[in-house]
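Hi,

Here is the structure I said I would pass on.

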Amino acid sequence: MKQLSNLLAALVFASLVIFMSCGGGGGDDGPSDLEIAVDNLTISGGFSNPTTVQTDGGTADGDWSTFGITFTGSVDGGSYTVSNVPAGFEDVWANGTWTINDAATVITRTQGGVDTDIVASIGEGSLTLEFDVADPTARTSGIAGEWTFVFN
């Protein structure tokens, strides 16, 4: 009987050790949605040749077919560089810095000391950016209004 009691105690102890060593898995849940979005935003080579460039719902003036933008940085923000901006549209895009909100839906770009909130849809290999150029002096040069850039 004493042997059965000792065997039962040993089995209970061994079971507790096994269950305690299993743990809860904890730790690494993988990258957050923000981290995934920033990884997609900062892809090597950036985004070029937009499929759509609109202003105020219509086709934008200028030849944007070879326009490109490259974001570098991390979830804390970074910088971006642009290429092939059509002449006269440097107020729409010029090199600058960026930050992104926690939901990865709004990029705030800083360009020439001016912050602009950009509604962003960031996917794997795709990017849509929507923002408003509200500068009253820009209206006379035809760049004021709501802009949409779509890269696929």
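Below is what turned up, starting with how to read the model and then going through the sheet, the loops and the surface.

This is a predicted model, so to speak: local features need pLDDT of at least 70, side-chain atom pairs count only at pLDDT 80 or more, and totals for chains, interfaces and linings use all residues. Residues are numbered from 1 along each chain as its sequence is written, and side-chain values use heavy atoms, with hydrogens and water left out.

**The sheet**

Strands here are DSSP runs (E, at least two residues), numbered from the N terminus. In case it's new to you, strands of a sheet pair through backbone hydrogen bonds, either parallel or antiparallel. Two strands count as paired if DSSP finds at least two bridges between them.

Some of the pairs, if you want to trace them:

- S1 pairs with S4 (residues 68–74) over two bridges, antiparallel, and Ser48 sits opposite Gly68 in S4.
- S5 (residues 77–83) is joined to S6 (residues 96–100) by three bridges, again antiparallel; Gly78 has Trp98 in S6 as its bridge partner.
- S6 and S7 (residues 106–111) run antiparallel with four bridges, and Thr97 stands opposite Thr110 in S7.

S6 and S7 also form a hairpin with five residues between them, and Ala104 in that turn has a positive phi of about 60°.

**Two loop residues**

Which residue other than glycine has a positive phi near 55°? One is Asn49, in the loop between S1 and S2 (52–55). Asn84, also not a glycine, has a positive phi of about 55° and lies in the loop between S5 and S6. Asn49 is partly exposed, with a relative accessible area of 44%, and Asn84 is partly exposed at 47%. (Buried means under 20%, exposed over 50%, partly exposed in between, with a 1.4 Å probe and protein chains only.)

**A charged patch**

Asp56, Glu130, Asp132 and Glu146 gather in a patch of negative charge on the surface. Patch residues have over 30% relative accessible area and no salt bridge, with like charges joined within 9 Å. Glu130 lies in S9 (residues 126–133) and is partly exposed, with a relative accessible area of 40%.

Cheers

Note on methods
Patches are made of residues with over 30% relative accessible area and no salt bridge: like charges are joined within 9 Å, nonpolar side chains (Val, Leu, Ile, Met, Phe, Trp, Tyr) within 5 Å. Accessible areas come from the Shrake-Rupley method with a 1.4 Å probe; for residues, only the protein chains shown count as cover. A salt bridge is a side-chain nitrogen of Lys or Arg within 4 Å of a carboxyl oxygen of Asp or Glu. Lys and Arg count as positive and Asp and Glu as negative; His and the chain ends are not counted. The place of a charge is taken as NZ of Lys, CZ of Arg, CG of Asp or CD of Glu.
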